[in-house]
Amino acid sequence: MGDHAPVAVEEYEYEGLPPNFTLAENMAAGAFAGIAEHTLMYPFDLLKTRLQVINPSPNGLYTGVSNALSTISKAEGVGSLWRGISSVALGAGPAHAVYFATYEAVKHAMGGNMGNEHHPLAAATSGACATIASDALMNPFDVIKQRMQVHGSVYRSIAQCTRTVYRNEGLAAFYISYPTTLCMTVPFTALQFTAYESLSKVINPGKGYDPITHCTSGALAGAFAAGLTTPLDVIKTLLQTRGTARDIEIRSARGLFRAAAIIKQQHGYAGFFRGLRPRIITTMPSTAICWSSYEMAKAYFIRHQDD
């Protein structure tokens, strides 16, 4: 067997796109990456949501990831771990298409693909712009997803959940967590892309196409960003699931600071790190899958263009 080594290809670097790589191809690669990432790791995302819910019903209390997994599987069936996945499948493709198209466009405009120098500012800025654009599209789907994920959810379809939430809480319910989502995902993406670029420079200084490097760097960068932004993710979950809460105070929460105050009052500072472990467990393979899938799709289009 031959030694594993990155394959250097002059016209193709992971950090940059070929000059003839079209917007449609870029968006298709992003859509493929988004659907692959979210569907493969969905059960762990459901566990994270269940563990983050403040004051759940007695049957929705779990002591940890393994306890949640076994309890849900036994009491509700293994299929319940995939409840709400249709919302993600519908939203993740378009949202990630917008995400990667915006990322590449902004990074190119800021000179992030020029030369062999490290461009952390371009990476962070392009990542932040990408998440602002994609979250505007994905936020309603995320609200529906989490409403269907919580214990005792009465929703059995996307259509039913959408109609009920809209009728009872209005259109604003689909975007009440958007400011909090941006407060979380903008720093998350900036941290992730900056860490990813830095790790890639160390692990693969030649910048050749190396799937193992992409996967490893993506996983470590994702874990780093996820850990630091978990408190904001807990706040987001409270706001997105408030309509299902039994606690009147939670049901009436209207924004980031009020939600944070409720969490601090009821659970102390430890409450801001509820679901930390499943969030990291979910994020590491998710970011690895996302970037690997994106790179795979880009490589396919490049080979197709060369044929």
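Me: Why is Tyr178 called buried?
Reply: In this predicted model, Tyr178 has a relative accessible area of 18%. Buried means under 20%, so Tyr178 at 18% is buried.

Me: What makes Tyr175 partly exposed?
Reply: Tyr175 has a relative accessible area of 34%.

Me: How many aromatic pairs does the structure hold?
Reply: There are two aromatic pairs in the structure. One of them joins Tyr42 and Trp82, with 6.5 Å centre to centre and 15 degrees between the planes.

Me: Why is the pair of Tyr42 and Trp82 called stacked?
Reply: Planes under 30 degrees apart count as stacked. The planes of Tyr42 and Trp82 are 15 degrees apart, and the pair is stacked.

Me: What makes this pair a link between distant parts of the chain?
Reply: Tyr42 sits in helix α2 (residues 42–52), Trp82 in the loop between α3 (65–76) and α4 (85–109), and the two are 40 residues apart.

Me: Which class of accessibility does Tyr42 fall into, and which does Trp82?
Reply: Tyr42 counts as buried, because its relative accessibility is 1% and the limit is under 20%. Trp82, with a relative accessible area of 36%, is partly exposed.

Me: Why is the pair of Tyr175 and Tyr178 called edge-to-face?
Reply: Their ring centres lie 6.0 Å apart and their planes stand at 85 degrees. Planes over 60 degrees apart count as edge-to-face, so that is the class of this pair.

Me: How do you know that α2 is largely enclosed by the rest of the structure?
Reply: Of the 11 residues of α2, 10 are buried, so the helix is largely enclosed. Among the buried residues in α2 are Tyr42, Asp45, Leu46, Lys48 and Arg50.

Me: Why is Lys145 called buried?
Reply: Lys145 has a relative accessible area of 7%, and under 20% means buried; Lys145 is therefore buried. The residue lies in helix α5 (residues 120–149). Beyond its neighbours within four places in sequence, Lys145 is in contact with Tyr42, Asp45, Gly84, Ser87 and Val88.

Me: What makes the approach of Lys145 and Asp142 a polar contact?
Reply: Their side chains are joined at 2.8 Å. The cut-off for a pair of N or O atoms is within 3.5 Å, and the pair of Lys145 and Asp142 counts as a polar contact.

Me: At what angle do α8 and α10 pack?
Reply: Helix α8 (residues 211–240) and helix α10 (residues 256–267) pack at about 100 degrees, their axes 9 Å apart. This makes α8 roughly perpendicular to α10, because the class runs from 65 to 115 degrees.

Me: Which residues make the contact of α8 with α10?
Reply: Leu232, Val234, Ile235, Leu238 and Leu239 in α8 meet Leu256, Ala259, Ala260, Ile262 and Ile263 in α10. By class they are 10 nonpolar, no polar and no charged.

Me: How do you know that Gly271 is buried?
Reply: Gly271 has a relative accessible area of 2%, and buried means under 20%, so Gly271 is buried. The residue is in the loop between α10 and α11 (276–306). Not counting residues up to four places away in sequence, Gly271 touches Val234 and Ile263. Gly271 and Ile235 are 36 residues apart in sequence and 9.7 Å apart in space, C-alpha to C-alpha.

Me: Why does Thr213 count as buried?
Reply: Thr213, in helix α8, has 5% relative accessibility and therefore counts as buried, the limit being under 20%. Leaving out residues up to four places away in sequence, Thr213 touches Ile203 and Asn204.

Me: How many helices and strands does the protein chain have?
Reply: The protein chain has 11 helices and zero strands. Buried residues make up 52% of its 307 residues.

Technical notes: Residues are numbered from 1 along each chain as its sequence is written. This is a predicted model: local features need pLDDT of at least 70, side-chain atom pairs count only at pLDDT 80 or more; totals for chains, interfaces and linings use all residues. Side-chain values use heavy atoms; hydrogens and water are left out. Axes are lines fitted to C-alpha atoms, for helices over the stretch in contact, and angles run from 0 to 180 degrees between N-to-C directions. Helices (H or I, at least four residues) and strands (E, at least two) are DSSP runs, numbered from the N terminus. Angles under 35 degrees count as roughly parallel, over 145 as roughly antiparallel, 65 to 115 as roughly perpendicular and the rest as oblique. Contact means heavy atoms within 4.5 Å. Ala, Val, Leu, Ile, Met, Phe, Trp, Tyr, Cys and Pro count as nonpolar, Asp, Glu, Lys and Arg as charged, and the others, Gly among them, as polar. Buried means under 20% relative accessible area, exposed over 50%, partly exposed in between (1.4 Å probe, protein chains only). A polar contact is a pair of N or O atoms within 3.5 Å; within protein, one must be able to donate a hydrogen and the other to accept it, and residues adjacent in sequence count only if both atoms are side-chain atoms.
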